[in-house]
Amino acid sequence: MREATRARAVLGVLLLVSITLILLDVRGSSAIGGLRGIASAVVGPVETAVAAAFAPFVSMAQSATSFGNAEERSAAASEQLREVNGNPATQSDVLRAREELEAMLKLAGVGGFQVLPARVVAYGSAQTFNGTVTIDAGSGDGISADMSVMNGQGLVGKVIEVGPATATVQLATDDDSVIGARLVSSGAAGALEGTGQPGESILRLLDPTVPVAEGDQLVTFGSPEGRPYVAGLPLGTVVGFRGEPGQADRVALISPAARMGALDVVGVVVVVPRTESRNALTPTAPTVPEPASWTPGTEPTDPTSARR
Amino acid sequence: MMRMNTSRVLLVIAALGTAVVLQASLFARLGLPGATPALLLVVVLTFAMSAGPAAGAIIGFSAGVLVDLAPPSAGSLGQTAAIYAIAGFLAGFIELKPGRPDLQAVATVSGLSVGVVLTQALLASVIGSPEVTWSIVPLLALTQFLYAAALSLLVIPAVGMLYRGAAEDGRFA
């Protein structure tokens with residue numbers, strides 16, 4: 001059958017081209033970087049427009065599966081918006097976006113970060129295990145690669161690609177993502193690794209013998225100058241364990257702080273406070289405690305009791 | 001095999017462009033359980049069943065390049081292109097009959113969509129992170145089977161009709 005033979009030849013050529021492209025991309029070809037730049041300049045604004053057109057619909061669909069406080073909205077805000085726009089679906093979307101913006105600004109205020117608000121306009125497909133999203137702000141807004149992205153719940157990820165009006169964010173749950181993390185309870189350091197699933201990441205502690213309990217909170221360790229990750233943002237909660245206690249392959253399963261499956265308003269950390277308090281200190285000389293006043297056994301809890 | 005002409009090429013480009021944006025900015029944001037409905041792949045497979053294995057492979061490759069380049073670009077350029085080219089090539093051996101989508105066409109689309117999900121999971125675990133949780137793959141495959149079947153019921157009549165219509169006024173047919 002001649003047609004089948006011809007088709008096989010065509011497929012063979014295309015597969016060879018694909019393999020060549022993969023190799024070029026892995027080696028960091030600038031030509032492919034240029035192609036990506038053109039694609040994000042052309043497709044990015046279209047994604048922004050499509051996302052805006054379907055925003056009320058998407059917002060309703062996300063609310064249907066969310067645990068959010070959709071009912072706890074202030075009557076004053078609803079009234080204000082009813083004057084602006086009569087469409088209840090649009091109202092609900094605008095209200096939700098405002099709540100998310102307020103929560104994000106509040107959390108950014110805690111760290112003293114200057115943030116640039118943006119909205120998620122496109123998601124990568126779940127079946128590729130790449131947790132990436134497009135946001136509607138780009139180099140024209142002052143965004144550059146390796147900036148942290150957060151929302152009101154915690155760290156979302158980091159900027160990996162920037163187009164003129166859009167940027168691509170690698171989520172903390174991407175299967176290539178590794179983030180320095182710190183346990184709030186003990187201060188122990190570890191690495192949070194994405195699994196490609198929005199609801200589950202894993203934590204590898206540098207010292208696997210550190211006691212960890214379910215419910216322990218995790219925050220970002222922070223990178224120098226806050227890039228790619230700023231310090232102190234909530235990352236997630238320990239929800240379980242895999243492997244034997246004390247073994248090197250023991251990992252904690254983490255439920256991410258930010259709900260990665262339904263992101264909307266995010267903030268790109270544009271400016272990190274240059275230094276924390278780095279003034280020279282002159283401590284007062286410690287007073288030596290009287291031997292009689294020292295009472296042993298008053299430590300709050302035995303650390304081994306929390307070990308699992 | 002039906003021959004391509006200028007109007008058909010334009011139709012394919014327009015359909016692939018629309019599908020890639022709708023998939024990323026609408027379907028993937030809905031937060032549906034399991035996989036993201038693979039609208040683009042369903043469109044590719046429908047064209048392939050209309051145009052034969054050689055054109056199917058080329059259309060699949062082009063769609064894959066589009067996915068690999070368009071934001072939020074993920075993975076290496078060429079990865080999705082190779083998988084979609086094979087899927088388009090295989091679908092091309094099934095001939096799409098005019099009229100209502102028949103069981104054979106829907107089964108081809110659903111089956112190949114599941115095959116693509118499994119291939120992507122395998123590739124992710126080989127060249128991506130070893131942390132890919134295989135326990136989630138059955139859910140991805142099952143949901144994609146259902147989403148692809150549902151989408152094909154809409155896409156096959158619409159795209160099939162446009163594709164045949166594009167032949168009649170095409171001067172290079």
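## A pair of strands to start with

Over how many bridges do strand β1 and strand β12 of chain A pair in the antiparallel sense? Six bridges join β1 (residues 114-123) to β12 (residues 265-271). Two strands count as paired if DSSP finds at least two bridges between them. Helices (H or I, at least four residues) and strands (E, at least two) are DSSP runs, numbered from the N terminus. Arg119(A) has Val265(A) as its bridge partner in β12(A).

This is a predicted model, in which local features need pLDDT of at least 70 and side-chain atom pairs count only at pLDDT 80 or more, while totals for chains, interfaces and linings use all residues. Residues are numbered from 1 along each chain as its sequence is written, and chains are lettered from A and ligands numbered from 1 in the order in which they are written.

## The barrel

Chain A holds five helices and 12 strands. Six of its strands close into an antiparallel barrel, in the order β1-β2-β5-β4-β3-β12.

Let's visit Val269(A), found in strand β12. Val269(A) is buried because 24 other C-beta atoms lie within 10 Å; the cut-offs are 20 or more for buried, 12 or fewer for exposed, and partly exposed in between, with C-beta atoms placed from the backbone. Across chain A, buried residues make up 39% of the 308 residues.

Beyond residues up to four places away in sequence, Val269(A) touches several others, including Phe113(A), Val115(A) and Met147(A). Contact means that C-beta atoms, placed from the backbone, lie within 7 Å.

How values were computed. Two residues are in contact if their C-beta atoms, placed from the backbone, lie within 7 Å.
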